[in-house]
Structures are given as C-alpha cells and as structure tokens.
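Hello,

Here is the structure for your files. My notes on a few of its parts follow below.

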Amino acid sequence: MRTTTLAAVRNLGILAHVDAGKTTLTERVLFATGATHRRGEVHNGTTVTDFDPQERDRGITIFSAAVSCTWDGHRVNLIDTPGHVDFSAEVDRALRVLDGAVAVFDGVAGVEPQSESVWRQADRYGVPRIAFVNKLDRAGADFDRAVESLRRRLGTVPLVVQLPIGAESAFTGVVDLVRMRAVTWDDDRREGEVPQELAAEALRRRRLLEEAVAELLPDVVEEFFETGLSERTLLRALREVTMRNLGTVVLAGSAYRNRGVEPLLDAVVAYLPSPVDVPPVRGTGGQERPPDPDAPFSALVFKVTTGGTGRLAFARVYSGTIHKGELVRVGDRDERVGRILRVQADRHTPVERAVAGDIVALVGLKSARTGTTLSAAAAPVSLEPPVAAEPVVSVAVEARTAADHARLTEALRHLVEEDPSLRVATDPGTGQTVLSGMGELHLEVAVRKASTDHRVEIAVGRPEVAYRETLGSGVTGFVHRHVKQDGGQGQFAHVVLDTEPLEDGFEFRSTVTGGRVPQEFVRAVEQGCRDALAEGPLGHPVTGLRVTLTDGSTHVKDSSEMAFRTAGRLGLREALRAGTMRLLEPIAEVTVTVPEEYVGGVLGDLASRRGRIVGSETRAGTTVVTASVPLAEMFGYVTRLRSRTQGRGTFTSRPAGYAAA
C-alpha cells in the first residue's frame, strides 16, 4: 500500500482565525504536490476540503477534513480545521492526533482572537508548529508587524527564515535566509541570487536569525561566534527548536497568488516531526505504545461521520498494523473492521491495511465514538480522549409534525455521536427537548444538518445561554442531620458545614479531628456536595465555592457511606439557601472590525448590549474595537452590525468566562 517509511510521514493540521486563508492554502498545497490538477476557490465553492453544502454556502470551514499528498519523498497527511470559534472543539479533536501544525496568520491583521485561541489549544497538547504569514499581497499587509504580533500576543520567539520581496500588490517572492537564495513567482517558480538592493538587509536578518537560534540552543553558540552558523547547522538547529517548542519558524507568502507554498512544504518536511520523533503514546494505565508497525495495534478515533459510505470512524494509528477484516478491541468489546479507507476529503480509496502513523477511516465499528480507543484484542490499551468542551448556548427543538418525532430523535442521536460538543437533554420543567452547543452558528449548522440528512422539519426556539451561580456570602457551622427509618436498617449522618466564596471551581476540605467522622464517610460527604453542585437555589450549576466539613457524628449501626453522601448533598443545598447566591452569565470577548466612519454607531450599539469597551485600534482607515459583552446580548448581532455599517462591518467572538449578571 505504501513504501513511505515512518520517518518520511508528516501528520499536520492547518490552524488559523476564520478567513486567514487556511482552506486556500490547503488547496494550493494539494495543487503544488500534484494531488489535484486545478486550484479550487473558496468563493466559488470548488475547494476539496470544504465539500459540505453548508461550508460552500457560508464560505467557511465548519468540519475538519483530512487529505493526503506527497512532497519530496514524504507523505503529508493534512487536516484542514475550522477557524470559527463555534467550532473550536473540531480543532481540539484534530490537535489530539496530530504531530505538528502550520499556523496561518493574516498579513494585514496579524494575530487575531481565534488565532490566539487555536495557538493555546496547540500549546495544551504540546504540538510543534511553524507559522505562515499569508495574504502579503493585500493592501495594508505588513510582514514585520505580523511577526511582532506573534512575539507580543503569543509569547513565542519568532524565527524569521524569509524576507519578503516587494510589498502589497508588488509582493513577488521571498529571500530564503537559510540558503541565501531568492525565490520568485510569476507564472512559474524561479530561483536565483538575492537581489542587490536586498543583499545587505538579507545578511542583517540572517545574522539576527542565527543570533536568536544561538540564544535558544547553547550547543551552537561556539560556532555562532567563531564562523557563524552553516546552512547545515542552522537547519538542524531550527528543527530542534521547533520540535522542542522553544520558538516558531516564520515563513511568508500569499496562498491565493500561489506564492510561498513550495517553501512552506519544504519547511514542513525539514522542521516538523514525523511519528518517530514524538514520544510513544501512553495509555491511561501507564502502558506505552511506540510508533512501530510491529508493536501491538493502538489507535484513537477523533471523528465519526455518517454518510453515503456508511458510518466512518476516523482514526489515527499510533502503533502496530491493522488489516481489513481483523478484530479490534473497541472500548470494552471486540468488533471487526469491515473496510479501511484512505481519505481525501469526501473521496475514499479502499486499502488493505493501515500502519503506525496513518490517518484513515474505518468502516464497521458500530460502537466507536469520538475519543474511543481501538487496540489489539490481545493487548488492550486505553488512550486519553480529547476533552469535551462545555456548551454555552441552548435552543429548544421539536418536530413540526407528530410523524417527524421519531426521525427527530434519531437525527439528534446522530448529531451527538458525530459532535460530542453538542448535548441533548429534556427540560424537566417544560418537557421540551433542548439542544446545547458552543454558539449560535454551531447550533444553526447542527439543526440544518439534522433537517437535511434526516428529512425532518424542525422548529427552533429562541437561543438561551448557560447561566451559572456562585456564592455571594457563606455560612458558618451549618448543621444538617440526615435521619431515616423505614422498617429496615436506618440511615444516620450528622454533618457541620462551612461555606465560603472561591474565585472559581469547587474545593472541599475537612477539619474534623478525633475520628468523629471516619475518612470513608468524609469522602462520601465530598461526593454528596459535588452532587449538589448540579443545581443551586437559582436553578443553575454552582461554581466558585469552598466547603469545609468541620464536625459531625455517626451512629454505630445506621451510619453508612450512602447516608453521609445524602447528608452532604442535602446539607449543602440547605447551606446555599441560607447564604446569598449570585447569578453568573457567560461573557464573550468580541472583536469588531469596521470602517472609521461607523465607529460611533457601533460603540453605541455595544453599550446598549451591556458591553464594556476594552480597547480600539485604527489602521489604514479601519478601526478594530474589542469589547466584553454578555453572550445573551449577542444573539442576532451580525444582522444588526451589517445594517449599521452597510454590510462592511465584521466581528468575531470567543468565550471569556463568566461574570456577575
């Protein structure tokens, strides 16, 4: 199936803020590597990775899509990820299985809010990455300003390995500061000597690059001071810096104009890790699985879809080899792999086997879910799944006709299987079915997908946000006795609780002395208190609370863990009612970009939505306003903004925690 060795495989993702050019870059990569024979365009709906009808209608990436290509003898498995904040969970699931990433930045805007968010996600998983400053052909593009924003906002050390030739519409190529050669693009790529007018600047920047690398890697300092770093040493050093996440290699280009794509591919091969360069994957039980085709099989499912090909489980193979028709351990049961597919967005090629380092789709695994571990039946292992984000927006959904009710239930089940960041629950007060997700657009896309795929008409209620509540002032020495006698063995538990506000989260501690409450009962009280956090006096989940068990007593026969857990739950509920509670609402950090002449109206509108202006910056006739706004006030904002700015204003938002309502 493949002759590529593991050292010649690159599993990487494309990360960026919405509209920074990720999908266009992916298209140019596929074209440059010969995987496609025409350049797809986002505005024409002809791209390979944005194949879903909703993606083509909206002109944005919604679902992560996997493609493969080859470059310089290396297989590149690439995942194009969404840039909109509502779909950040898709990015998280992709990063969990990738070895490296290319972070794309707009040459005009530099680091944008979602750029920062996906960068922090990559930090959390320790994914090495390189940066590509895109759209340098646009008016207002400034490569140096974009690089400085990486340093200032992301806290990384930018290692600039290219010098742009020309600016804005005159941008024609780059000087490769590692090889000290000029690469330009007109109709074709051309390589030659560094232009005379840029020679001195190129030498200066090469020296700065060497100096930055020497500061990060002590073992090259001697060569740096004696002779300067050779091309070979610099390449090795840049690879080491990237793999250890000490700094970020920065390249320049314009994907739309097809400029800078080939050097970016060279950098992917030169600097990003292969599966053998990353540590062996570790199971939750401490077992290690090395990236070896002969090791026991292990893989992690990072995406599940249902379509014309049937139910597909997308998996990253970490170790071993799996053949079509083999039995694998799926969670706690064994299932047979019906088919193995090599994925090219929405096109699939059957293959006979998959080996360590592969990203493939598996058919026939009925119980596989996102985050499920697949392993050899004889050597089971459990890998850490991606963390599911908590939803922040909810809508009530119902079938328009009684005949559609069963289809709606099935549609919602499929939605949650495919996207774990969606939740479905029944409101105990109204009996309505409630769909919860990461944002207004997330829910809109999910409802439309359910309606289209399952041919069911869905009525949607007004969105609601996920409120929380916290303690305003606590109580001291609150006594609760749980006594129950119903004919059999009774229940007895006596607890004394102190409650006090905490900045965030929940903390439980015990100051009981003299064994008045045995340790196993203390743990039961803590569990009962955690049970009580699900719903506070105001009807919402509780956060920002510290509970201290200060005293208590037991009965020689009737005390049990169950009794103390019940006492903890009921006692904390009563203690919260005895104190004062504050309602918390989710806050969004909103970045609005508008022409200067509309700033006044936009600021007034944000103020009417209880927004707090954090800052503003004007450049090239455009003002960027940053504000903190309650999420409940942001519904329908896009329509309002367009009407106030004659369609010229845009905005992005991301969760910024909770604040008192």
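In helix α1, the buried residues are Lys22, Thr23, Thr24, Leu25, Thr26, Glu27, Arg28, Val29 and Leu30; buried means under 20% relative accessible area, with exposed over 50% and partly exposed in between (1.4 Å probe, protein chains only). That makes nine of the eleven residues of α1 (residues 22-32), so the helix is largely enclosed by the rest of the structure. Just after α1, glycine 34 has a positive phi of about 85°.

This is a predicted model: local features need pLDDT of at least 70, side-chain atom pairs count only at pLDDT 80 or more, and totals for chains, interfaces and linings use all residues. Residues are numbered from 1 along each chain as its sequence is written, and side-chain values use heavy atoms, with hydrogens and water left out. Helices (H or I, at least four residues) and strands (E, at least two) are DSSP runs, numbered from the N terminus.

An open sheet has four antiparallel-paired strands in the order β7-β8-β9-β10; strands pair if DSSP finds at least two bridges between them. β7 (162-165) and β10 (189-192) are at the edges, each with a single partner strand, so one side of each is left without a neighbour in the sheet. Four bridges join β7 to the antiparallel strand β8 (residues 173-176), where glycine 173 is the bridge partner of isoleucine 165.

Helix α12 (residues 519-532) packs against helix α13 (residues 561-578) at about 40°, with the axes 7 Å apart. Axes are lines fitted to C-alpha atoms, for helices over the stretch in contact, and angles run from 0 to 180 degrees between N-to-C directions.

Regards
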